[in-house]
Amino acid sequence: MSLPVFLTDSLEGDMLTLTGPEGRHAVTVKRIQPGEHVLLADGTGLAAEVEVTDVSGRDTLVGRVVARQEARTARPRVVVVQALPKSERSELAVDLATQAGADEIIPWQANRCEAKWVGGKVDKHVAKWASAAASAAKQSRRFTVPRIHQPMTTRELSRYLEGKTAYILHEDAQLSVREIDLDAEEIYLLVGPEGGIGADELATLGVASISLGPEVYRTASAAMVALSAIGALRRW
């Protein structure tokens with residue numbers, strides 16, 4: 001059975017201390033005890049297997065490093081550009097993409113998104129996505145937490161993607177995911193909103209369309225399906 005993963009800011013030294021919310025989760029929720037082993041990860045791909053030597057209070061765990069690990073680098077890196085889903089599916093999209101191996105996630109304010117991130121709520125939404133990514137990374141035993149970008153409009157995204165290898169999932173695409181060239185360092189994978197992508201918006205983006213087969217997936221699950229296909233074809 002794989003070891004539970006907790007996130008920490010530092011992996012320096014032979015003795016590590018876990019406190020705060022992660023320490024509380026380990027000590028109070030998971031009830032980790034001295035003698036047990038856990039993995040502490042810094043979110044950037046590094047982790048340490050730790051033998052717990054002491055727990056105290058409700059949120060403090062101390063342990064001795066017994067081994068260090070580094071996450072395998074998957075190629076190509078995949079940056080998911082996720083159109084903003086409805087509120088009940090927003091964090092689910094991030095959770096599923098993280099579990100499937102997304103390296104970064106860009107929130108996309110597409111033209112037909114019902115959800116709108118505006119004003120002072122933007123940072124709050126980005127923080128929620130970051131929290132969902134961290135939680136999913138721990139659940140799936142990842143040492144790397146995907147970076148959550150600030151949201152972009154379609155025009156901002158078009159400029160950002162200039163010179164980059166990018167594809168958008170589209171039900172009418174003639175090109176299948178198995179037919180694209182995955183021999184790249186990094187690709188951008190665009191997932192549209194529930195309302196779909198109009199011809200004008202596709203033209204503005206200027207990226208190739210690809211399909212995942214005859215089924216049409218929800219915006220919250222499409223990235224996970226695409227990442228799984230790319231994983232089987234190239235990354236795993």
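I began with residues 18–64: their end C-alpha atoms lie 12 Å apart, and the span is 21% helix and 47% strand. Helices (H or I, at least four residues) and strands (E, at least two) are DSSP runs, numbered from the N terminus. UniProt, in an unreviewed entry, lists residues 18–64 as "domain: Ribosomal RNA small subunit methyltransferase E PUA-like". Such annotations may be inferred rather than shown by experiment.

I noted the ground rules. This is a predicted model, where local features need pLDDT of at least 70, side-chain atom pairs count only at pLDDT 80 or more, and totals for chains, interfaces and linings use all residues. Residues are numbered from 1 along each chain as its sequence is written, and side-chain values use heavy atoms, leaving out hydrogens and water.

Next, the helices. The axes of helix 2 (residues 87–99) and helix 6 (residues 219–235) come within 7 Å and cross at roughly 10°. Helix 2 is therefore roughly parallel to helix 6 (angles under 35 degrees). Axes are lines fitted to C-alpha atoms over the stretch in contact, with angles from 0 to 180 degrees between N-to-C directions. R89, L92, A93, L96 and A97 of helix 2 meet A220, S221, A223, M224 and L227 of helix 6 (heavy atoms within 4.5 Å).

Last, the pockets. A pocket is an open set of points on a 1 Å grid where a 1.4 Å probe fits, with protein on both sides within 12 Å along at least five of seven lines; lining residues have an atom within 4 Å of a point. Of its 22 lining residues, A71, R72, D103, R142 and T144 lie nearest the centre of the largest pocket.

Terms used: Angles under 35 degrees count as roughly parallel, over 145 as roughly antiparallel, 65 to 115 as roughly perpendicular and the rest as oblique.
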